Amino acid sequence: MTEIRNIVILTGAGISAESGIDTFRSAGGLWEQHRVEDVATPEAFARDPDLVHRFYDMRRASIREKLPNPAHFALAELDAAWRGNLLIVTQNVDDLHTRAGARRVLHMHGEHLKAWCTSCDVRSHWRGPLIDRPPCPICQSRSLRPDVVWFGEMPYRMGEIYGALREADLFVSIGTSGAVYPAAGFVQNARELGIRTLELNLEESQGSRWFHESRLGPASEVVPAWVAEVLRGG
């Protein structure tokens, strides 16, 4: 791949599923036995903040027990070795990319291990529960919520993502359903820009037809194989 210099990689739930982090789309709309509408929308938080806090407190604790898998480590290896521009845009709110060693990571849907103060608009690293309404470490207001982009909210740093896409030579989608926008539209944006596109997924996604190539299989197998191919220049 000597003609490839700048790479944008989109990762979704499929890359973390093999680390034991489940997804609501794999269980008929249920996410750890909760409807998404009850725990992952601004309306749900306004209606029953205790339920939402309990849910995210549980996931925050659970994620800390999970470990990166070979797909995360392979992307971290690519990040460390790649001399061109590289951006790993993840829809996942876990920290497994970072724990594997990747540095060029953008969390477009926020992070479980951060809390957002809706009073002073500061985001702080957070490991403990939020249900007891602890004070913001900056302004002391008891207005913290999970720093997670819920359905109906705008993902983070979209301008930066589109800017990276405009400069990319290759767009790679890993472990995504192709159903959640705006991320599901990135492949179409890439094709319109004349960028080479590759899908690495367990099975065909809703957007598979947009990719120049799809390689199917578990992320822990297909991602390391692709990274090895890239790094040896083949």
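Predicted model: local features only at pLDDT ≥ 70, side-chain atom pairs only at ≥ 80, totals over all residues.
What covers the buried residues of H5?

Helix H5 takes in residues 70–81. Several of its residues are buried: Ala-71, His-72, Ala-74, Leu-75, Ala-76, Leu-78 and Asp-79. Their cover includes three strands: E1 (7–11), E4 (86–90) and E9 (170–174). It also includes helices H1 (13–17), H6 (96–100) and H9 (219–231).

Now check the length of H5. The helix has 12 residues, and at 1.5 Å a residue they should span 16 Å. The end C-alpha atoms of H5 are 16 Å apart, so the expectation and the model agree. Look next at the start of H5. There, a side-chain oxygen of Asn-69 reaches to within 2.8 Å of the backbone nitrogen of Ala-71. Ala-71 is also one of the buried residues of the helix.

Turn to an open sheet. It has 3 strands, ordered E7-E6-E8, and their pairing is antiparallel. Strands E7 (123–125) and E8 (144–148) are the edges, and each pairs on one side only. From one strand to the next, the twist averages 45 degrees. Strand E6 covers residues 110–117 and is joined to E8 by 4 bridges. Within this pair, Cys-117 stands opposite Leu-144 of E8. Helix H4 (residues 49–63) lies across E6 and E8. Its direction makes an angle of about 55 degrees with E8.

Charged side chains come next. Side chains of opposite charge can pair when their charged atoms come close. The whole structure holds 13 salt bridges. One of them links the side chains of Asp-95 and Arg-99, at 3.0 Å from N to O. Are these two partners buried or exposed? Asp-95 has 16% relative accessibility, under the 20% limit, so Asp-95 counts as buried. Arg-99, at 34%, counts as partly exposed.

Arg-123 forms a salt bridge with Asp-121, and the closest N and O atoms are 3.7 Å apart. Arg-123 is partly exposed at 34% relative accessibility. Asp-121 is partly exposed at 48%.

Arg-215 and Glu-213 form a further salt bridge, with the closest N and O atoms 2.8 Å apart. Arg-215 has 22% relative accessibility and counts as partly exposed. Glu-213 is partly exposed too, with a relative accessible area of 30%. Elsewhere, salt bridges share partners: Arg-35, Asp-38 and Arg-47 are joined into one network.

Methods
Residues numbered from 1 in each chain as written. Heavy atoms only, no water. Pairing = 2+ DSSP bridges. Helix = DSSP H or I, 4+ residues; strand = E, 2+ residues; numbered from the N terminus. Axes fitted to C-alpha atoms, helices over the stretch in contact; angles between N-to-C directions. Contact = heavy atoms within 4.5 Å. Expected span 1.5 Å × (residues − 1). Buried < 20%, exposed > 50% of the residue type's maximum accessible area, 1.4 Å probe, protein only. Polar contact = N/O pair within 3.5 Å; in protein donor to acceptor, adjacent residues only side chain to side chain. Salt bridge = Lys/Arg side-chain N within 4 Å of Asp/Glu carboxyl O.
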